[in-house]
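Colleague: Please take me slowly through one part of this model, the packing between its helices. I would like to know which residues touch, and at what angles the partners lie.

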Amino acid sequence: MATPPSLCIEKLKQALDYAEVGQHPVEVHGALVGLICGGVKQENLAWLTPLVELMNDGQPLEPNLQLLISELYQDTVNRLVDFEFGFTLLLPEEEASLSDRVEALALWTQSFLTGIAIIQPQLAKASPDVREVIKDLADIAQVEFDVGDDEESEVAYFELQEFVRMSAILCYSEFGLDMPLNDTDESSTFH
């Protein structure tokens, strides 16, 4: 059974606060997914340097926070590589107000775009589909609107969230690296 996003967010928020890193958990996950979907090298913690640069101005992370983020990284890669695991965005659950969830989605999307742009600086040369979703994601990242707690707004939020999720998967399919996740396992190389 998967850990509910609210527990992941709370655990990560506590570690970020303890380490005095001024990022929201959804920003960390968005940037992490952006790096992965942009094709960051997955071996030897190559993904950690650009993430730490984004999160903490290049300063080393507190060990507990780095461990949590490493676990989040591994889980995210597993979910992107294998559809059966079901990739999801780390966002507040339904119990949070809709306006808080919309704000979190915008933060996640902004961070995703930053992460992918760092690793994939030539997005303008991407396929037309990816260029289009990047443009749409940029619009979503700027979303600022008052939302009511009605069914229509909930449906619109769900559709937006699903679009962002599928956009990340599309970017991963174009730029992501399908490499062995355990980089110390040399038996998994092709002969």
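Modeller: In this predicted model, Val28, Ala31, Leu32 and Leu35 of helix H2 are in contact with Pro50, Leu51, Leu54 and Met55 of helix H3, where contact means heavy atoms within 4.5 Å and a helix is a DSSP run of H or I with at least four residues, numbered from the N terminus. Sorted by class, this contact of H2 with H3 has eight nonpolar residues, no polar and no charged ones (nonpolar: Ala, Val, Leu, Ile, Met, Phe, Trp, Tyr, Cys and Pro; charged: Asp, Glu, Lys and Arg; polar: the others, Gly among them). The axes of H2 and H3, the latter spanning residues 48-56, are 10 Å apart, and the two helices pack at an angle of about 150° (axes are lines fitted to C-alpha atoms over the stretch in contact, with angles from 0 to 180 degrees between N-to-C directions). H2 is therefore roughly antiparallel to H3 (over 145 degrees; under 35 is roughly parallel, 65 to 115 roughly perpendicular, and the rest oblique).

On the H2 side the residues are Val28, His29, Leu32, Val33, Ile36 and Cys37, and they meet Ile69, Leu72, Tyr73, Thr76, Val77 and Leu80 of H4. The contact of H2 with H4 divides into 10 nonpolar and two polar residues, with no charged ones.

For another pair, turn to helix H5, residues 98-119, and helix H7, residues 151-175, whose axes come within 11 Å and cross at roughly 15°. H5 and H7 are therefore roughly parallel to each other, and H5 passes H7 in a left-handed crossing. Leu98, Arg101, Val102, Leu105, Trp108, Thr109, Phe112 and Ile116 of H5 meet Ser153, Glu154, Tyr157, Leu160, Gln161, Val164, Ala168, Cys171 and Phe175 of H7. The residues of this contact comprise 12 nonpolar, three polar and two charged.

Residues are numbered from 1 along each chain as its sequence is written, and side-chain values use heavy atoms, leaving out hydrogens and water. Local features need pLDDT of at least 70 and side-chain atom pairs count only at pLDDT 80 or more, whereas totals for chains, interfaces and linings use all residues.

Definitions and conventions:
A crossing is left-handed if the near helix is turned anticlockwise from the far one by less than a right angle, and right-handed if clockwise.
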